[in-house]
Amino acid sequence: MFLPKAGSSPHGNGSRQDGVDLIDRWITQKAQTKFFYVTNFTDMNQLEPANTDYVFGLFNNDHMNYELERNKTTNNANREPSLKEMTEKAIDILLRHGDGFFLAFEGGKIDHGHHAGKAKLAMYDVLAFDEAIEVAVNKLGTEETLFVVTADHSHSPSMGGYAKRGNSILGFGGAANTTGTVFPNENVPYLTLAYANGPGGGLWFTGNYTDPASILPIGPEDDGFIQDAGIPLSSETLCSLL
């Protein structure tokens, strides 16, 4: 989106068909200001708010990583910043102007996790979004600041079953009696969390149903686990509440 095809930009390769380098254009436009183009946490963290007018941060050639995946590179100087870290730095820079400001930040990977049917990844990005909100409230207070937290749509996960008290939300909610069905004389374990549709549709009914650990190659507590879904689709759909 920001860079042209291979060989035509010092900033790397992109997919733009018009040959325009939007990064270079931005740098040219801001040449008379205190501007910074940053590509990792270290560069962003070193910015001094008092000496910064504009910041352009691009931390991945594609979508940024899920929070759980990002945490695996915590000790890497070139790692992606967290949503909390980006929010905090943005507020510090905006506060120097003293005239008030509008700031929007999004937990965009929540949506990606649900579409992929990967509830754990989505849940941890909700927590990352919550941390960003917390740091914003703590830095700005509520006397002179309006905070609006919203979503543009919902998704189709549901919670069901009779899980025991203290059971993991990612664990099993019970077992279905399938006697007399195409799965005779077996108790099929099912998850507490499931989707109405998505990539997990049809995956669940493979393997040895009497042994939950053998149903899929990885278990429901693993980061990349795909939840069960009622209808198989390549991508889970949005959901409207009636």
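**Exercise 1. Find which residues Ile110 touches, leaving out residues up to four places away in sequence.**

Solution. Ile110 touches Ala122, Asp125, Val126 and Phe129, with residues up to four places away in sequence not counted. Contact means heavy atoms within 4.5 Å.

Ile110 lies in helix α5. Helices (H or I, at least four residues) and strands (E, at least two) are DSSP runs, numbered from the N terminus.

Then check one pair. Ile110 and Asp125 are 15 residues apart in sequence, yet 5.4 Å apart in space, C-alpha to C-alpha.

Last, is Ile110 buried or exposed? Its relative accessibility is 17%, so Ile110 counts as buried. Buried means under 20% relative accessible area, exposed over 50%, and partly exposed in between (1.4 Å probe, protein chains only).

**Ground rules.** This is a predicted model, in which local features need pLDDT of at least 70, side-chain atom pairs count only at pLDDT 80 or more, and totals for chains, interfaces and linings use all residues. Residues are numbered from 1 along each chain as its sequence is written, and side-chain values use heavy atoms, with hydrogens and water left out.

**Exercise 2. Describe how helix α5 packs on α6.**

Solution. Start with the geometry. Two packed helices are described by the angle between their axes and the distance between the axes. Helix α5 (residues 108-115) and α6 pack at an angle of about 170 degrees, and their axes are 8 Å apart. That makes α5 roughly antiparallel to α6. Angles under 35 degrees count as roughly parallel, over 145 as roughly antiparallel, 65 to 115 as roughly perpendicular and the rest as oblique. Axes are lines fitted to C-alpha atoms, for helices over the stretch in contact, and angles run from 0 to 180 degrees between N-to-C directions.

Now list the residues. From α5 come Lys109, Ile110, Gly113 and His114; they meet Ala122, Asp125, Val126 and Phe129 in α6. Sorted by class, this contact has four nonpolar, two polar and two charged residues. Ala, Val, Leu, Ile, Met, Phe, Trp, Tyr, Cys and Pro count as nonpolar, Asp, Glu, Lys and Arg as charged, and the others, Gly among them, as polar.

**Exercise 3. Work out the strand order of the open sheet of three strands.**

Solution. The order is β4-β7-β8, with mixed pairing. The edge strands are β4 (157-159) and β8 (229-232), each pairing on one side only. Two strands pair if DSSP finds at least two bridges between them.

Take each pair in turn. β4 and β7 run antiparallel over three bridges. Here Ser158 stands opposite Ala194 in β7. Strand β7 (residues 193-198) and β8 pair in the parallel sense, over three bridges. Tyr195 has Ala229 in β8 as its bridge partner, and Gly198 stands opposite Pro232 in β8.

How enclosed is β7? Five of its six residues are buried, so β7 is largely enclosed by the rest of the structure.

**Exercise 4. Decide where the model has its lowest and highest confidence.**

Solution. Begin with the average. The protein chain averages a pLDDT of 85, and 82% of the residues score at least 70. pLDDT is the predictor's confidence in each residue, from 0 to 100.

Then go by element. Confidence is lowest in strand β5 (residues 172-177), at a mean of 70, and highest in helix α6 (residues 119-140), at 97. Where pLDDT is low, the predicted coordinates should not be read in detail.
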